[in-house]
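The following note sets out points for a colleague who is examining the structure. Please read each one alongside the sequence and the model.

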Amino acid sequence: MSRTRPDPVRAVVIGGGAIGASVVAALLRGVVPDVVPVAVVDPRPVGDLGVPQLRLEAALEQADVVVECAGQAVVVQRAVDILERGIDLLITSVGALADPELAAAVRAAGPGRFLLTAGAIGGLDILSSAAAQGPLTRVEVTTTKLPATLVQPWMDDPAAERLRATTAAVEVFRGNAREATRLFPRSLNVAATVGWVVGDFDLVDVRLVADPAAELTCHRVVAEGMAGRYAFEIENLPSPQNPRTSGVVPHAVLRSLAALTGRPSGVI
Ligand SMILES: NC(=O)c1ccc[n+]([C@@H]2O[C@H](COP(=O)([O-])OP(=O)(O)OC[C@H]3O[C@@H](n4cnc5c(N)ncnc54)[C@H](O)[C@@H]3O)[C@@H](O)[C@H]2O)c1
């Protein structure tokens with residue numbers, strides 16, 4: 001975004017669910033200086049969020065920045081177009097980037113800037129720096145969530161019921177981050193974000209555990225390479241609006257927006 005752009009920065013939020021509605025509400029409260037929400041885009045009626053609900057085309061005419069809080073399909077279908085219109089795009093549905101063709105297309109598209117929010121995870125700065133120093137040899141992400149949040153449309157009824165009814169922790173997936181985000185598109189954005197940051201989705205070994213005792217959603221990340229060894233664990237309270245999503249995610253989006261649109265100071 002150019003500094004010659006007139007203030008304030010006009011934000012369009014795609015997806016008026018748990019994340020998007022919170023982001024719009026916070027922007028209306030002035031949480032991010034000089035950023036005003038101008039529209040929300042959603043195929044279902046979202047109620048009165050304090051901004052007009054518009055179709056995407058009409059909303060894009062007013063946008064300086066688009067915040068995607070809707071799902072992978074929006075990134076797949078609209079990211080390149082949005083960037084080519086010179087609109088900045090901040091995404092939450094990072095799993096879409098597991099498709100190498102899409103990842104290459106968004107990297108090449110512009111003049112809008114393409115950015116990912118850190119979302120439910122942290123520690124990405126050191127992983128990125130370590131990967132820049134030399135290739136990482138081992139990256140593992142173990143995510144533990146409530147079983148009901150992991151039920152997927154591709155599961156047959158008995159499998160879905162077994163998952164919902166489990167009384168003990170059970171591993172539901174083990175594989176790389178590319179496969180993980182294909183099978184659990186709304187639940188493993190964290191693994192995708194780690195994959196993007198280390199520059200290799202296939203390097204990231206993902207383990208997904210369904211645990212009925214998991215009041216907090218847990219992400220344990222372990223990485224190793226010529227730069228050093230890293231291990232950290234993040235435990236987030238699920239969003240009351242959508243238990244698949246951590247409550248901290250809208251705040252991560254707002255933080256990303258502030259970094260994107262403001263005058264950086266402090267840790268970035
Ligand atoms: N990066 C992260 O750490 C992280 C964490 C949680 C969720 N997410 C991503 O954020 C997305 C939204 O999460 P949420 O908890 O707000 O979900 P939600 O289900 O509460 O809300 C999603 C909203 O998007 C709308 N939507 C669906 N398809 C759309 C489309 N094509 N155009 C416009 N709107 C559309 C839905 O109608 C719904 O209102 C998730 O799908 C996930 O991909 C990322």
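1. A polar contact, as the term is used here, is a pair of N or O atoms within 3.5 Å. The model is a predicted one, and the distances below should be read accordingly.

2. Which side chain has an N or O atom 3.1 Å from an oxygen atom of the ligand? It is that of Asn-189; with the cut-off at 3.5 Å, the pair therefore counts as a polar contact. The side chain of Asn-242 also places an N or O atom by a ligand oxygen, at 2.9 Å. Ala-120 contributes through its backbone instead, where an N or O atom lies 2.9 Å from an oxygen atom of the ligand. On its own the ligand has 860 Å² of accessible area, and the protein covers 82% of this.

3. The ligand takes up the space of the second largest pocket.

4. How many salt bridges does the model contain? The count comes to 15.

5. The peptide bond from Gly-110 to Pro-111 is cis, with omega near 15°; Pro-111 is located in the loop that runs between helix H4 (100–108) and strand E5 (114–116). Asp-34, a residue other than glycine, has a positive phi, near 70°. Asp-34 is found in the loop between helix H1 (18–28) and strand E2 (35–41).

Notes. Residues numbered from 1 in each chain as written. Predicted model: local features only at pLDDT ≥ 70, side-chain atom pairs only at ≥ 80, totals over all residues. Heavy atoms only, no water. Polar contact = N/O pair within 3.5 Å; in protein donor to acceptor, adjacent residues only side chain to side chain. Areas by Shrake-Rupley, 256 points an atom, 1.4 Å probe, with all protein chains shown as cover. 1 Å grid on protein atoms, 1.4 Å probe; cavity = no way out; pocket = protein on both sides within 12 Å on 5 of 7 lines; lining within 4 Å. Sits in = over half its atoms within 2 Å of the grid points. Salt bridge = Lys/Arg side-chain N within 4 Å of Asp/Glu carboxyl O. Helix = DSSP H or I, 4+ residues; strand = E, 2+ residues; numbered from the N terminus.
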